Amino acid sequence: MGNKSNSAISRREFARRAALASAAASLAPTELLSSKSIPAPLPAQQPANAPKLSPESQAEVESRIQAIFAQYGNRLSEAQKTDIRRLATEAQPPLDRLRAFATDNGDGPGLYLKPLIERERKPLAMPATPKPAATPKSS
Amino acid sequence: MPGEEIFHLSVSELAKRIEAKKLSPVELTQIYLDRSQKLGPRFNAYAHLTPEIALEQAKAAEKEIQRGHYRGPLHGIPYAAKDLLAVKGLPTTWGAKPYADQVFDYNATVIDHLHGVGAVMVGKASMIELAGGMGYRFASASLQREAKNPWDTTCWTCGSSSGSGAIVAAGLAAFAIGTETWGSIICPSAFCGVSGLRPTYGRVSRYGAMALAPSMDKIGPMARSAEDCARIFAAIAGHDPKDRGTVPIDKGAFTYSPSIELHSRPLRVGWLTNAWKTLAPGVAKPIEAANRTLKKYFSSVKNVALPVGPWEEAGNIIVAVESAASFRSLIRSGRVSELTDPLGQIAGYVNEQYAGADYLQALKVREIIQKKMDSLFDTFDVIATAAQPVPATPLTLNLETDLAFPDPLGGIGNICGLPAISVPCGFTDKNLPVGLQFVGRAGDDYAVIQAGRTFQLHTDWHKRHPKIH
């Protein structure tokens with residue numbers, strides 16, 4: 001079967017792919033990000049083979065977990081919470097690798113987006129005689 | 001009772017008989033329906049059959065052909081559509097319990113295109129719930145339960161176009177439509193021993209198809225040969241103003257006829273040296289033989305390595321973020337708990353938490369790898385490797401823990417929207433199919449089709465089919 005390593009990413013479609021997500025500290029509720037509400041990173045219930053994370057990454061994982069539990073905790077079983085903790089932890093190393101990849105300020109994102117362009121809209125009626133510009137255009 | 005062989009004829013072979021009026025579309029449809037009713041449940045291949053629609057379309061096709069109005073190679077040919085494509089008035093379940101009663105009042109563009117060329121829809125193919133968009137741990141992650149591989153029913157078909165793979169391999173329809181965001185056409189094609197084409201992103205309209213990751217979702221054919229894939233692709237490709245992700249008119253359409261092969265360019269093949277960390281022994285042998293075949297019949301075959309970088313990581317984030325957005329109401333409402341798979345019930349909560357800045361970093365990385373791959377395709381027309389490093393896996397396997405390996409080519413191919421084809425290239429010692437994959441430059445779908453077609457002109461693996469009684 002497949003070789004699992006620390007850098008291995010689950011292959012089978014989105015089995016783990018969609019699950020190997022990471023949380024955004026910036027999207028978490030503010031109170032959960034404060035040092036008061038988040039104690040030092042807690043490796044609570046960490047599985048034995050959990051990836052080794054830097055303190056910063058571990059804190060981020062914990063904030064992500066707490067954000068999920070704060071929003072959805074009442075609908076999750078203890079087993080699901082444990083699973084979420086594992087998923088959130090496993091998601092961090094790939095996220096750290098992605099962030100570490102050097103990109104320049106000018107590197108454009110590979111968006112697949114075609115903005116609405118004028119010719120696709122209903123053409124505007126042209127005035128018979130264009131009015132002269134009253135004032136010089138400013139940019 | 002018709003002979004078994006007719007169920008495994010290619011579209012091209014069936015079309016010849018239909019055009020010559022030696023084969024009745026109504027009779028062909030009826031025998032496929034009978035076979036699908038009998039064998040479909042054995043493989044959990046269908047979400048549901050559509051006999052009324054099928055017979056109505058088959059009768060119309062037959063009438064037209066009798067009158068001399070033959071529309072082309074798909075006229076009167078029975079097919080199945082993955083159950084994430086909207087068909088007016090019919091349930092479209094997306095393979096998931098929360099959508100079990102969902103009915104649309106319009107057709108997906110692909111369905112309309114196939115109707116336009118006279119193809120006959122016999123049913124909706126089963127699939128992994130939400131095409132795996134919420135994650136899944138087991139093959140059973142489907143409203144229609146686990147799809148069983150016709151080559152060995154203790155094994156899986158792979159996902160998420162699971163039913164599409166089973167239907168084509170078992171000869172329940174002449175072809176099927178699948179979709180791929182990451183691996184969902186290539187993997188089932190490899191596991192089921194069929195030919196599957198993942199077109200360039202934007203070449204086939206997704207209008208009326210379930211959105212998973214809109215910047216990566218693609219629709220393509222699964223059939224018995226690369227040539228069949230070309231014919232089906234020609235019918236469904238093209239710009240669609242209803243899908244803003246489709247490429248412009250002049251780049252969208254695809255035409256195919258066997259005569260264009262006379263003018264085909266010699267293909268330069270790059271044999272990938274780092275696509276898979278290891279190949280299972282049963283896969284390695286057929287792949288080595290395939291390499292020898294390529295060296296014999298292609299103009300050049302040279303080793304090449306994929307660029308190294310966090311391409312998979314970028315792909316993972318793009319899929320996670322976009323799928324969380326696509327299924328936000330399902331996640332927020334808590335109905336995600338109705339999904340079958342334990343991972344699918346919770347992964348959306350994690351995916352929802354991504355930062356916008358990380359998503360944009362992933363899109364920047366996408367741009368970088370797009371350029372790198374475009375340069376690579378200045379040297380090679382196609383790159384090739386095993387479609388999967390393992391053969392079909394047991395139905396009960398925990399995919400999350402027991403089937404994890406790096407897949408840089410899948411990551412690169414899908415975040416860059418590159419076309420790919422998987423064609424059968426042999427069997428393991430347990431008689432499970434092995435697939436060979438060709439990947440091409442964005443927009444050069446013809447190169448991967450030509451590569452698959454050339455390989456199949458010199459091999460007969462695609463003509464093998466499982467013995468089904």
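Here is a short chat about a few spots in chain B of a predicted model.

Biologist: Is helix H15 of chain B largely enclosed by the rest of the structure or exposed, and why?

Modeller: Let's go through helix H15(B), which covers residues 408–415. Its buried residues include Pro408(B), Leu409(B) and Ile412(B).

Biologist: Okay, which strands and helices are included in what covers the buried residues of H15(B)?

Modeller: On the helix side, the cover includes H10 (311–326) and H13 (356–379) of chain B. The strands in the cover include S9 (268–272), S11 (382–386), S12 (420–427) and S13 (433–440) of chain B.

Biologist: Which residue just after H15(B) takes a positive phi?

Modeller: Look just past the end of the helix, where phi comes out at about 70°. The residue with that value is Gly417(B).

Biologist: Is Trp94(B) buried or exposed, and why?

Modeller: Trp94(B) sits in the loop between strand S2 (78–82) and helix H4 (109–116) of chain B. Its phi is positive, about 55°, even though it isn't a glycine. Being buried takes 20 or more other C-beta atoms within 10 Å. Trp94(B) has 25 of them, so it counts as buried.

Biologist: And what is phi of Asn44(B) near?

Modeller: Asn44(B) lies in the loop between helix H2 (25–43) and strand S1 (46–49) of chain B. Asn44(B) is buried too, because 21 other C-beta atoms lie within 10 Å. Its phi is positive though the residue is not glycine, and the value is near 50°.

Biologist: Which residue does a cis peptide bond join to Gly159(B)?

Modeller: The omega of that bond is about 5°.

Methods. Residues numbered from 1 in each chain as written. Chains lettered and ligands numbered in written order. Predicted model: local features only at pLDDT ≥ 70, side-chain atom pairs only at ≥ 80, totals over all residues. Buried ≥ 20, exposed ≤ 12 C-beta atoms within 10 Å, placed from the backbone. Helix = DSSP H or I, 4+ residues; strand = E, 2+ residues; numbered from the N terminus. Contact = placed C-beta atoms within 7 Å.
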